[in-house]
Amino acid sequence: MKLTLHVWRQKNAQDKGRLVRYEVPNVNEHMSFLEMLDVLNESLIEKGEDPIAFDHDCREGICGMCGMMVNGKAHGGHKGTTICQLHMRHFKDGDELYLEPWRAKAFPIVKDLAVNRGALDRIIAAGGFISVPTGSAPDGNAIPVQKQESDLAMDAAACIGCGACVAACPNAAAALFTGAKISHLGHLPQGQPERDRRSMAMVEQMRIEDFANCTNIGECVAACPKEIQLEVIVRMNRDYIKGALTNRPTSLKGDSA
Ligand code: SF4
Ligand code: FES
């Protein structure tokens, strides 16, 4: 099949950027979306042009590196599918596609379709870990975890940090991502000692990174390739409120001296 692509080209964060039209002939329906872009890039390189920059790594829906908007839909809009797992059989001959990077203030464009998602890493670094002594691996396995809780923890742990939830959200909120990371540890016994502190630190980091607030629109859930559910945001909010109401300030001496 033959496709017409309109691809966002932007040299760097300062460049204004524009959509550039490309014809891609001989697209095989068995190709993945990224393989189709590889073919286009090879032809651009042969012509001495700059290939299109896009993020990718595993190409198996695991690492969370890939991501772009296709005709306004994050990851192409196919339920539970990353762009690296999206196949060209979902498109038809003559289709015209618009490829754009994630758009969010917190995700500055690096080049073309590649954006800097370091803000998500910094949210994890703020509290997405366990620092209290919880024993070695055998100790962890010796702690019984209720089936329902372990299932919920596993569901939340499925988040690959791709940022599609942010890109799909009209507010560019990162609540689904942060809620997933908070819920993952919050459903496990090892995550309990720091549960309130974790949610407060990660929510605060979201604010610092210029993500807007969640207004429960739900576009994030529709776009998430791992089908993370809104309940993780409910849990994040609940832990945050509980933490804000019950946590003492770290210093009780005050700073009036
Ligand atoms: S919640 Fe879903 S869309 Fe958001 S970063 Fe995680 S996997 Fe990607
Ligand atoms: S390249 Fe790893 S999830 Fe798409």
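1. A cavity here is a set of points, on a 1 Å grid over the protein atoms alone, where a 1.4 Å probe fits but cannot get out, and lining residues have an atom within 4 Å of a point. Grid points are joined across faces, edges and corners, and a volume is the space filled by probe spheres set on the points. By that rule the structure holds two cavities of 30 Å³ or more.

2. On the basis of the note: this is a predicted model, in which local features need pLDDT of at least 70 and side-chain atom pairs count only at pLDDT 80 or more, while totals for chains, interfaces and linings use all residues. Residues are numbered from 1 along each chain as its sequence is written, chains are lettered from A and ligands numbered from 1 in the order in which they are written, and side-chain values use heavy atoms, with hydrogens and water left out.

3. The largest cavity contains about 110 Å³ of space. It is lined by 16 residues, and those closest to its centre are Cys169, Ala173, Cys214, Gly218 and Cys220. Helices and strands are named as DSSP runs (H or I, at least four residues, for helices; E, at least two, for strands), numbered from the N terminus. On that naming, α6 (175-186) and α8 (219-223) each supply at least two residues of this lining.

4. The lining of the largest cavity comprises 11 nonpolar residues, four polar and one charged. In this classification Ala, Val, Leu, Ile, Met, Phe, Trp, Tyr, Cys and Pro count as nonpolar, Asp, Glu, Lys and Arg as charged, and the others, Gly among them, as polar.

5. The second largest cavity has about 90 Å³ of space. Its lining has 14 residues, with Cys159, Gly161, Cys162, Cys165 and Cys224 nearest the centre. Both α5 (164-168) and α6 give at least two residues to the lining, and α6 gives the most, with three. By class the lining has 11 nonpolar, two polar and one charged residues.

6. Ligand 1 sits in the second largest cavity, meaning that more than half of its atoms lie within 2 Å of the grid points of that cavity. The shell around ligand 1 consists of Cys159, Ile160, Gly161, Cys162, Gly163, Ala164, Cys165, Leu176, Phe177, Cys224, Pro225 and Ile228; a residue is counted as near if one of its heavy atoms lies within 4 Å. Of the shell residues, 10 are nonpolar, two polar and none charged.

7. Glu23 and Lys2 form one of them, with the closest N and O atoms 4.0 Å apart. Glu23 is in strand β2 (residues 18-24) and Lys2 in the segment before β1 (3-9), so the pair ties together parts 21 residues apart in sequence. Lys2, Arg21 and Glu23 are linked in a network of salt bridges.

8. Accessibility is given in three classes: buried is under 20% relative accessible area, exposed over 50%, and partly exposed in between (1.4 Å probe, protein chains only). Glu23, at 35%, is partly exposed, and Lys2, at 44%, is also partly exposed.

9. Arg9 and Asp112 meet through their side chains in a salt bridge of 3.1 Å, N to O. Because Arg9 lies in strand β1 and Asp112 in the loop between β6 (109-111) and β7 (114-115), the pair ties together parts that are 103 residues apart in sequence. Arg9 is buried at 12% relative accessible area, and Asp112 is buried at 2%.

10. A salt bridge also joins the side chains of Arg122 and Glu209 (2.6 Å, N to O). Arg122 is in helix α2 (residues 118-127) and Glu209 in the loop between α7 (195-208) and α8, 87 residues apart, so distant parts of the chain are linked. Arg122 is partly exposed at 43%, whereas Glu209 is buried at 11%.

11. Two backbone angles should be noted. Most residues other than glycine have a negative phi. Asn26, not a glycine, has a positive phi of about 55 degrees; it lies in the loop between β2 and α1 (33-46) and is exposed at 67%. Arg59, also not a glycine, has a positive phi of about 60 degrees. Arg59 is in the loop between α1 and β3 (69-70) and is partly exposed at 25%.

How values were computed:
1 Å grid on protein atoms, 1.4 Å probe; cavity = no way out; pocket = protein on both sides within 12 Å on 5 of 7 lines; lining within 4 Å.
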